[in-house]
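Let's take a walk through a protein model together. Have a look at the whole thing before we pick out a few spots.

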Amino acid sequence: MKLTDKLVGAVDKKLRRFDPIWRAENGLGGQRDRYYDKTGVAKWREWRGVRDTLYDYSQWLNNIVSMVQMVGSAPIPCLKGFWEYRWMGSYLGTFMFIDRLFEGYRGTELRIAHMNMHAIVQNLTKKIAFVLSNDQRLGGGPYTDKCIPHDETITQLFLKGFKDLYPVPMQTLPEFIICDIDQHIEPYYIDVAESFGLPADVCSRCAAETGVALDDALPILGKVMLSTNMPCNASEATSMFQRRRIGKPDFPITLAMQHQKPEGLVYSREMLERAIAFVEEHYGVKYDWEELFKYARLMNEQNTIELEKWDYFKTPYSPLSGIAESLYKLFEWQSANGTDPYFNKVDRKVIKIMRKAYEDKYVPFGGRTRHRAFLWGPSAVYYTDFPTWTQNCWGITIVLNMDSTMGYNMIDTSDTDKAMDDLTALTQRACMRHHAVGGWENINAVWDWARAFNCDMVLMNDNIACKGMLGVHAMMEEQARDLGFHFIFIEHDLEDSRTVSRQDMRKCVNNYMSVVLNEKPLDPTIVEFDDSEAY
């Protein structure tokens, strides 16, 4: 082993001139040198040293295998899907997307990142194959009438009480996930929505989802659909457009906006109970609490491990941070939600690695981190690889993102009455629901989160089309000064990168770091560059 280490060390030393981190530190270039101009297409893979480069490439192949298995399990539906749906082609950019997500990652943080990302890939590829195989637009399949299509912001967990039915989040494939991979796909659907008369100044996520429905790009499954008002009023309007276009019997699960109040829980619980009755009526089945408890235990384990992760996030020794943490938790909660045991398997492995890293006082990213930031930002931070860029360019590690603060309460698995309350509380804290609506205290909680995780910086969501967020700008600035946080509003327009480009988003950080803090970038090649044609 010692001889092997010496040989690897010798090769690493000989080839380190190709390492973009080493090149940036020595003024010879950096990460952006690998890319064709204006694109996210790399000329060659990142050199990370022998072991890390081989591991990174092996995980690239591992994700390829999942994609091949998807096509192999449903070749005809997949072929039809590429022919029918514009968004299917965007998934071909997944591998470039993953490569950019983990630029600069080495050692333990690289391994954890790939474990998390492969969990997403394997779950997503199975979901694509299942949906296309049963899509009525493509001819249907054996489980078409056993699917329960529901709004993506409704937790799948409570629907797992229907033993022989399959909950399917409607917008996950054509909008919710693909917008993170491809910045160019959603503007098309936004334009479709506006061509039908939708105002141009509304939330671009809601506009994109409406455009998907109007373009007949939503897979059609099941006998009914379950819509919702989450996370906001604009989303409720989107549900109305989808309902009219799809034309299936619909139950709108309109949960309480002021969900922090006790009476809000009572109202929301009634809505979930009525939704269960609605499904029972149309599918001729009965809700099975024992079946629900089986998956609730998986969700409880996920949340138990997540809360332990938070203890390590508070220290300088967590190898899990940035986009590897936030994108995984977003998908685990929103799209898996206790329904996929593979995520539990990954969580168990990751927490063991994190415990060991803490014991060894392992400092991630080679100790190049300068600031610890809490990120209060939605999907625009994913297709821009934003947390990875802040780490590589300015040494700002994203300790936690708002998407990680979704429902983390446990579900009682012995008492159905308590379980219903717990499911309701979990559902009310869905993606974006607990962050931008439901009262001032939800947004203002960002300071408590930042303080609890020992952050000196807050990067704040500034969605230019969100009427709610536009109203708190000045107040947040004042509080940041009073509380002593470095505070940066990140302008974006969610899915519409034409309004605020990737570089415009990065410029918000560049200006603060260079003008206010007078700091120098770790990698000058990624301070300002044009990637407008990138996925």
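First, some ground rules. This is a predicted model, where local features need pLDDT of at least 70 and side-chain atom pairs count only at pLDDT 80 or more, while totals for chains, interfaces and linings use all residues. Residues are numbered from 1 along each chain as its sequence is written, and side-chain values use heavy atoms, with hydrogens and water left out.

So how confident is the predictor? pLDDT is its confidence in each residue, from 0 to 100. The protein chain averages 91, and 98% of the residues score at least 70. Confidence is lowest in helix α20 (residues 433-436), with a mean of 68, and highest in helix α16 (residues 341-359), at 97. Helices here are DSSP runs (H or I, at least four residues), as are strands (E, at least two), and they are numbered from the N terminus.

Now find helix α15 (residues 322-336). The expected span of a helix is 1.5 Å times one less than its number of residues. The 15 residues of α15 should therefore span 21 Å, and its end C-alpha atoms are 20 Å apart, which agrees. This helix is mostly covered, with 15 of its 15 residues buried; buried means under 20% relative accessible area, exposed over 50%, and partly exposed in between (1.4 Å probe, protein chains only).

Next stop: N134, which lies in helix α7 (residues 107-134). With a relative accessible area of 2%, N134 is buried. What does the side chain of N134 reach? It reaches the backbone nitrogen of Y143, at 2.8 Å. Leaving aside neighbours within four places in sequence, N134 is in contact (heavy atoms within 4.5 Å) with residues including G140, P142, I220 and L221.

Finally, the rings. The structure holds 29 aromatic pairs. Rings of Phe, Tyr and Trp (its six-membered ring) pair if their centres lie within 6.5 Å; planes under 30 degrees apart count as stacked, over 60 as edge-to-face and the rest as tilted. Take W310 and F453: their ring centres are 5.8 Å apart and their planes at 80°, so this pair is edge-to-face. The pair links distant parts of the chain, since W310 sits in helix α14 (residues 289-313) and F453 in the loop between α22 (446-452) and β7 (457-463), 143 residues apart. Both W310 and F453 are buried. Ring pairs also link W310, F374, W376, Y408, W449 and F453 into a cluster.

Conventions
A polar contact is a pair of N or O atoms within 3.5 Å; within protein, one must be able to donate a hydrogen and the other to accept it, and residues adjacent in sequence count only if both atoms are side-chain atoms. pLDDT is the predictor's confidence in each residue, from 0 to 100.
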